[in-house]
Amino acid sequence: MRVGFYQFDPQFGEVAANLDVVAAKLEQADADLLVLPELFASGYQFLSREEAQRLAEPVPDGPTVRRLVDIAKSRKLHLVAGLPERSGSVCYNSAVVVGPSGFLGCYRKTHLFYEETQFFTPGDSGFLVWDIGVAKIGVMICFDWYYPEAARTLAIQGAEIICHPSNLVLPNCPDSMPVRCLENRVFAVTCNRIGREARGGKDPLTYIGKSEIVTPKGVIMQRAARDKEELTIIEIDPAEARNKSLNRYNDLLRDRRVSLYKL
């Protein structure tokens, strides 16, 4: 199958314009699965809970999900993309999965980072896996990578590809995702953004780019530049993630000694 990411520089609050940028770029995309950044259409550096509420949308009935579904149907691909989700009076940092058949589901970010804790409610969806036909995909968002339980939970549920929308500002993730892939024998597509946000007198946030696709053996197949827009699509064989045998005696998941994994 063909998988990829679109790393770019969304403009804060310009939801319609950011969606137009994505739609135009994906006219070039020949892929089965493509990942977009965390909060890809809204931007990231909110100034208040009210601002987050204003930019948040219902899922799946908001304009961002509707537009993503249109793109997925037109291009005959699956998309995983981050957005601020509004559910009643609560906001979540979420990611949706859509495909040619329409809306498939939504994951709500489990581990909130820094000021996200002021604007969003910790996710309650749990870690989810979708069978999209050619592969089973799981979703985690940005800072979730810091918690190995996230990727492991997805792997135990059968995920062969971890889709990882991100707005990374810390330097560690790109070199850590190969470890997550190696210790779970899964592929990962991390899609970060580029650019800089400095709003309302806050400290600037500079996004580190370096979106990447990693194999179940921890090999970085493709890594984007730190500061350049990039649409990357490559071919992988998801069957490589189904083989958890490490050697003739060891199987990665079978050999887990769950009864001892306690405090």
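**A salt bridge, a mixed sheet and a helix pair**

Lysine 202 forms a salt bridge with glutamate 115, with the closest N and O atoms 2.6 Å apart. A salt bridge is a side-chain nitrogen of Lys or Arg within 4 Å of a carboxyl oxygen of Asp or Glu. The pair links distant parts of the chain, 87 residues apart. Lysine 202 sits in the loop between strand E10 (196-197) and strand E11 (205-206). Glutamate 115 lies in the loop between strand E5 (102-108) and helix H4 (116-119). By this rule, the count comes to 18 salt bridges.

The model is predicted: local features need pLDDT of at least 70, side-chain atom pairs count only at pLDDT 80 or more, and totals for chains, interfaces and linings use all residues. Residues are numbered from 1 along each chain as its sequence is written, and side-chain values use heavy atoms, with hydrogens and water left out.

Six strands form an open sheet with mixed pairing, in the order E6-E7-E8-E9-E12-E13. Helices (H or I, at least four residues) and strands (E, at least two) are DSSP runs, numbered from the N terminus. Two strands pair if DSSP finds at least two bridges between them. Strand E6 (129-131) and strand E13 (220-223) stand at the edges. Each has a single partner strand, so one side of each is left without a neighbour in the sheet. Neighbouring strands are turned by 15° against each other on average, direction ignored.

Within the sheet, strand E8 (residues 161-165) pairs with strand E9 (residues 187-191) in the parallel sense, over five bridges. Cysteine 163 stands opposite valine 189 in E9. E12 and E13 run antiparallel and are joined by three bridges. Isoleucine 213 has glutamine 222 in E13 as its bridge partner. E12 and E13 form a hairpin with five residues between them. Glycine 218 in the turn has a positive phi of about 80°.

Helix H6 lies across E8, E9, strand E12 (212-214) and E13, running at about 20° to E12. Contact means heavy atoms within 4.5 Å. Axes are lines fitted to C-alpha atoms, for helices over the stretch in contact, and angles run from 0 to 180 degrees between N-to-C directions.

Helix H5 (residues 148-156) packs with helix H6 (residues 173-184) at an angle of about 40°, their axes 10 Å apart. That makes H5 oblique to H6 (under 35 degrees counts as roughly parallel, over 145 as roughly antiparallel, 65 to 115 as roughly perpendicular and the rest as oblique). The contact is made by Pro148, Ala151, Arg152 and Ala155 of H5 and by Arg180, Glu183 and Asn184 of H6.
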